[in-house]
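Welcome, and please load the model in your viewer. We will go from stop to stop, with something to select at each one.

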Amino acid sequence: MFKTRITEKLGVRYPIIQGSMLYLSLAELVSEVSNAGALGMLNSVCLTSKKALRDEIRKTKNLTANPFAVQLVYLPASREIPNDQFIETIIEERVKIIETVGPVQPAVISRLHQAGITCLHKATTVRHALAAERAGADAVTVEGLECAGHAGMSDVTSLILIQRTIQEVKIPVIAAGGFVDGKGLVAALAMGAEAILMGTRFFLTRECPIHPNIKEFCVNAREIDTAVCLRSLRDPVRYLRTDVVDKILEMEASGADLKQLLTVVSGENMRQAVEQGDLTKGPISVGQCVGLIHDIPTVKELIDRIMNEAEEARRRLNIIQ
Ligand SMILES: Cc1cc2nc3c(=O)[nH]c(=O)nc-3n(C[C@H](O)[C@H](O)[C@H](O)COP(=O)(O)O)c2cc1C
């Protein structure tokens, strides 16, 4: 049932991947996702040292015997990310799957392949998906403009980007940006994708360690309640539309530079907002699919429900003449 090259390659039961989320996709959430039969993904960029990553990997392993991934971030960041040290830890700890994001890293992929590690890459354009394939990535995730977080400069929606990528690459494609349920999963598989990756949907689960105020606010948000900021830095990011986000847009319109913008958009601002439940503290990444989400299930309830819905959608399609 729903077996694809991705479920085979990653050794997971279902073709569902949890997108990495700054400060949030740590051992507790990741292990719940993996235990429920999907692939959990640890965010490494919020871990400041090799030891912190090692501890998080070990904690995750204690909580699940199933595969999980670690994300390596090569996007511009407000501080240097010790990725070389993280790679050593990933190899030493025998993590089986990594995802890179940002410019494609052929040397990293080749080093990790030598250690027997499966390498996924997350991209926002066909050009970058092709670059990932050339560099030897085992699969590529493409996410369209509607996604939470880094949306890319080309403004192409998931519906187009996923199909265009499948037209061009031979490696398996993972569809991201706008997926929340079993109907979306079947739609992605129908387009030729081999799994979905979801961020906003996992953000709004019981286990995601954010303040209940934020969950409540997001469950009532509509698909039109997000905005893309930071185009001026050529690194557009989609956030929940709040007063802070309007302020960022105003700062950009009046020519603010990176240093000035970082006083409002740093990951630390987001951490304070989600931990304290205070939307004045910083912007929060969510995708347009927030408008499709109306509840806060547990991770297991969510994944079971998605697979039941997918089965139902498949049956419905079978009876259409
Ligand atoms: C709260 C939040 C934080 C995120 N942080 C990151 C991150 O640190 N790195 C990253 O590559 N993507 C991040 N993302 C994006 C997700 O990994 C995923 O690519 C995206 O959410 C998929 O689109 P969707 O939200 O429409 O499902 C974040 C998403 C959310 C909702």
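Helices (H or I, at least four residues) and strands (E, at least two) are DSSP runs, numbered from the N terminus.

Before moving on, two notes on the model. It is a predicted one, in which local features need pLDDT of at least 70 and side-chain atom pairs count only at pLDDT 80 or more, while totals for chains, interfaces and linings use all residues. Residues are numbered from 1 along each chain as its sequence is written.

Just after H11, pick Gly255, with a positive phi of about 85 degrees.

Next, go to the loop between S10 and S11 and select Arg234. Arg234 is not a glycine, yet its phi is positive, at about 60 degrees. Arg234 is exposed because 9 other C-beta atoms lie within 10 Å. Arg94, in the loop between helix H4 (83-92) and strand S4 (97-101), is another stop of this kind: its phi is positive, near 55 degrees, and it is a residue other than glycine. For background, most residues other than glycine have a negative phi.

Colour by domain now: the protein is divided into domain 1 (5-209 + 296-318) and domain 2 (212-288), with bounds from an automatic or database domain assignment. Their centres, taken over C-alpha atoms, are 23 Å apart. The contact takes 20 residues from domain 1 and 19 residues from domain 2, where contact means C-beta atoms, placed from the backbone, within 7 Å. On the domain 1 side, strand S7 (149-150) and H9 are the elements that give two or more residues.

Which residues come nearest to the ligand? Select Gly19, Cys147, Gly149, Gly199 and Gly287, the nearest of the 27 residues around the ligand; a residue is near if its C-beta atom, placed from the backbone, lies within 6 Å. Helix H9 (residues 200-203) gives the most to this shell, with three residues. Each of domain 1 and domain 2 supplies at least three residues to the shell.

For the last stop, select Ile98, Val140, Ile174 and Ile196, which touch the most other members of the largest nonpolar core, a set of 101 residues. Such a core is a set of buried Ala, Val, Leu, Ile, Met, Phe, Trp, Tyr and Cys residues joined through C-beta atoms within 7 Å. Helix H14 (residues 299-318) gives the largest share of this core, six residues. Because domain 1 and domain 2 both give residues to the core, it lies between them. Finish on Ile98: leaving aside neighbours within four places in sequence, Ile98 is in contact with Ala69, Val70, Leu72, Ile90, Leu112, Ile117 and Cys119.

How values were computed:
Contact = placed C-beta atoms within 7 Å. Buried ≥ 20, exposed ≤ 12 C-beta atoms within 10 Å, placed from the backbone.
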